[in-house]
Every structure is written in C-alpha cells, then in structure tokens.
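Dear colleague,

Please find the structure below, together with its sequence. My notes on what was found in it follow.

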Amino acid sequence: MTSPPPRILSIAGSDSGGGAGIQADIKTITMLGGFAMTAICALTAQNTLGVTAVAATTPEMVAAQIDACVSDIGVDAVKIGMLGSPQIAAVVADRLEGLGVPVVFDPVMIATSGAALADAATIAAFERLMALATLTTPNVPELAALGSDAAMAARGIAYLAKGGDADGPVVEDRLVIPGQPPRLWQAPRIATRHSHGTGCTLSSAIATELGRGASLEQAVDRARAFVRAALLAAPGLGAGHGPMGHHAVRV
C-alpha cells in the first residue's frame, strides 16, 4: 500500500492570473505529490502586468476555512503567504499556535510587479507568525523591512534569506538556523522575465517537503531545485512578469 500524500494547507491570496499565490501553491504541492488545501485570505485582480485590485476576505471566513480543513482531512504542514490584513494575521496565528505541524511563512509584502501587498499594521502582526513558524522566507526587500539579519537574529528564528532580488549573475540563498552555521546555496541566475510566483512556489515546496518528513536543509534544497526547473520550463505567457512552468516539472 502506498503512503498517503502529505496534506498541505496554503493560507494565502488568490492570483487571478494563475502565476502566484494560491494558484501557484496548488500547482506546486500537487506536482510534488502532496494534497493541497487552501484558506483564501484575499482576492486579487492581477496578471503578468501587475495587481489592479485587492479585496481581503473576512477573518471569520479565513478561520472557518482553516477549521474545516483541520477538523476533517487534517494537516501535515502549512504555508502562509499573502494575508491581507492584520486581523487575518492574528486569526491565522490563533489557529496555528496549537496545531503542532511545520509552518513555512512567506512574509509577502511586495509583488514581483512592485505592488504593495501588506500595510504597516499587517507587517507588525507578522511578529507572532514569525515566532511560531518553522521557517520564514523573506526576499531582499522583505528582509530589509523586517530589520535585516540583526533583527532576525534577535528574534531567534530560522529564516531563508532569498537572493533572487539581488543584483549579479549568481543567486545566493542563505538558510539561517539559530545555533548553527548558515547554509548557503549558490547557482547561476536564470535570465527570464517569467519569474512570477517564485516566492510562493518556493515556500509551498518547502512546506510540502517538511510535511513528508524532510529536514529543513533537505526541504530547502529540493524546493530550490523545483523552482529552478519551473523557471526553465516557463511557457512564455503574458506581456510582463510571466508565470513559471509548474506543469512541466516531474520529480
């Protein structure tokens, strides 16, 4: 008998263009052999050219979606993405604090297009989520907004500093786990405009691997490989920051 797939709950926003957010998470979790569930925190009207409208879900509805998944199907790991409001961030923290499963928190603040996706109050509410998360995955501007490495060290949390937004021909990702030397990954930059949803894809891939029992380092390593393969397989859709090729990656 084959073992059941890891049950992964994505708590994030919906991307109408299908490249990022909940849509990217479902594709990633599915292609990696997991079972995807969702709690949608916000609706966005967006495509490869940018975000034109955002509407947050109510905190009560987000809580109800989480409760529905946990109470029946069960959850092996959680990915948190775009939340939409500080009230939603608080209710997500309430629901997850006693769950006892790995949590990957992608502190979504700025879309690939440059659109702001979290206000100052929402960012302040991130503190509880970072404290309970197994791993927080900020990109370059998000890490700066959170106080850079010194502030992350003071929090005493594990985080993955993603280097895709930095300049240069080599991308460096840095896994920092308190009490351990940092683990570095370096790889040649994949030159493409079809990179929409890389952060969502990476965090949901890490959550899927953690849900099946991988260590943090193993999960990051496998997730990075998945992201790079999906970047190389991008179908070339849209006139702006196009989607990745999740559909073409076989693991």
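**Glu-209 and its surroundings**

Beyond its neighbours within four places in sequence, Glu-209 is in contact (heavy atoms within 4.5 Å) with Leu-32, Ala-214, Ala-219 and Arg-222. The model is predicted: local features need pLDDT of at least 70 and side-chain atom pairs pLDDT 80 or more, while totals for chains, interfaces and linings use all residues. Residues are numbered from 1 along each chain as its sequence is written, and side-chain values use heavy atoms, without hydrogens and water.

Glu-209 belongs to helix H7 (residues 198-211); helices are DSSP runs of H or I of at least four residues, strands are E runs of at least two, and both are numbered from the N terminus. With 6% relative accessibility, Glu-209 counts as buried, a term for under 20% relative accessible area (1.4 Å probe, protein chains only).

**The aromatic pair**

The structure holds one aromatic pair, where pairing requires ring centres within 6.5 Å. The ring centres of Phe-105 and Phe-126 are 5.0 Å apart and their planes stand at 85°, so the pair is edge-to-face, the class for planes over 60 degrees apart.

Phe-105 is part of strand S5 (residues 103-105) and Phe-126 of helix H4 (residues 120-132), so the pair ties together parts that are 21 residues apart in sequence. Phe-105 counts as buried at 0% relative accessibility, and Phe-126 counts as buried at 2%.

Yours sincerely

Definitions and conventions
Buried means under 20% relative accessible area, exposed over 50%, partly exposed in between (1.4 Å probe, protein chains only). Rings of Phe, Tyr and Trp (its six-membered ring) pair if their centres lie within 6.5 Å; planes under 30 degrees apart count as stacked, over 60 as edge-to-face and the rest as tilted.
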